Amino acid sequence: MTQTDPAFQNLLAEFQALHAREPALAGFATLPDSLTPQPIKPVRIPPAALMESDPDLTTTAYAAIRDAFIAAGAVAQWRLTYQGSRLGADFMDRFGCYCLIGEGGPFTCDGLAAYVVYMPAGLYYPFHQHPAEEIYFILAGEAEFLMEGHPPRRLGPGDHVFHPSGRAHATRTHDRPFMALVLWRGDLETAPVLTYPEGEI
Ligand SMILES: [Fe+2]
């Protein structure tokens with residue numbers, strides 16, 4: 001039997017409560033009544049400390065899940081999605097993501113993955129795409145979201161954006177950081193592919 005860290009159990013409860021009360025999340029995917037725990041190996045990278053100590057992750061109604069994501073960050077398997085890519089070391093040192101439900105996360109279920117994404121102020125996550133459909137639900141701070149064929153949008157707590165399958169998108173923070181809950185459905189196996197032009201960043 002897998003022993004799940006209490007920080008993850010608390011985070012899962014906050015996630016389930018948020019999912020139940022936010023139509024954007026409930027409409028994106030249904031959650032099974034119980035999720036399967038799985039063992040994970042913690043991985044810590046520099047953005048973990050940035051997220052823990054960032055004073056500007058201000059929020060409205062989402063302080064409890066923001067704090068739960070920060071607390072569980074201490075035992076999470078932070079992702080190395082772009083290690084060795086052309087994004088380079090500075091991006092790797094500042095872009096944070098870990099999984100709550102799915103590969104590398106403490107829980108799993110069919111057809112759905114859930115992550116936290118954190119970016120400090122002044123960071124650009126350039127255009128990329130993936131076959132999974134995706135929703136970003138902003139929990140704290142503020143960021144600008146860019147998507148092929150759409151004008152840029154600045155989003156804050158309680159706002160969300162949907163990225164269709166295969167549609168390139170990007171995120172930029174200005175003078176503030178942001179934290180978002182990110183859900184994937186569909187093809188959960190295929191990793192994101194960077195699509196930004198050479199020399200853009
Ligand atoms: Fe994405």
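Among contacts between residues at least 6 apart in sequence, 74% join residues at least 24 apart in this predicted model of the protein. The secondary structure comprises five helices and twelve strands. For a chain of 201 residues, a compact globule would have a radius of gyration near 17 Å, and the value of 16 Å computed for the protein agrees with this. Along the principal axes, the C-alpha atoms occupy a box of roughly 50 × 35 × 30 Å. Buried residues make up 35% of the 201.

Two packed helices are described by the angle between their axes and the distance between the axes. For helix H1 (residues 6-21) and helix H4 (residues 63-72), the axes come within 9 Å and cross at roughly 150 degrees. Because angles over 145 degrees count as roughly antiparallel, H1 is roughly antiparallel to H4. The crossing of H1 with H4 is left-handed. On the H1 side, the contact involves Ala7, Phe8, Asn10, Leu11, Glu14, Phe15 and Leu18; on the H4 side, Ala64, Ile65, Ala68, Phe69, Ala71 and Ala72 take part. By class, the contact of H1 with H4 has eleven nonpolar residues, one polar residue and one charged residue.

Arg172 is located in strand E10, which spans residues 169-172. With 16 other C-beta atoms within 10 Å, Arg172 is partly exposed, since that class lies between the limits of 12 or fewer for exposed and 20 or more for buried. When neighbours within four places in sequence are left aside, the contacts of Arg172 are Tyr124, Ala143, Glu144 and Leu146. Arg172 and Leu123 are separated by 49 residues in sequence, while their C-alpha atoms are 5.9 Å apart in space.

Methods:
Residues numbered from 1 in each chain as written. Predicted model: local features only at pLDDT ≥ 70, side-chain atom pairs only at ≥ 80, totals over all residues. Axes fitted to C-alpha atoms, helices over the stretch in contact; angles between N-to-C directions. Helix = DSSP H or I, 4+ residues; strand = E, 2+ residues; numbered from the N terminus. Parallel < 35°, antiparallel > 145°, perpendicular 65-115°, else oblique. Left-handed = near helix turned anticlockwise from the far one by under 90°. Contact = placed C-beta atoms within 7 Å. Nonpolar A, V, L, I, M, F, W, Y, C, P; charged D, E, K, R; others polar. Rg over C-alpha atoms; globule rule 2.2 N^0.38 Å.
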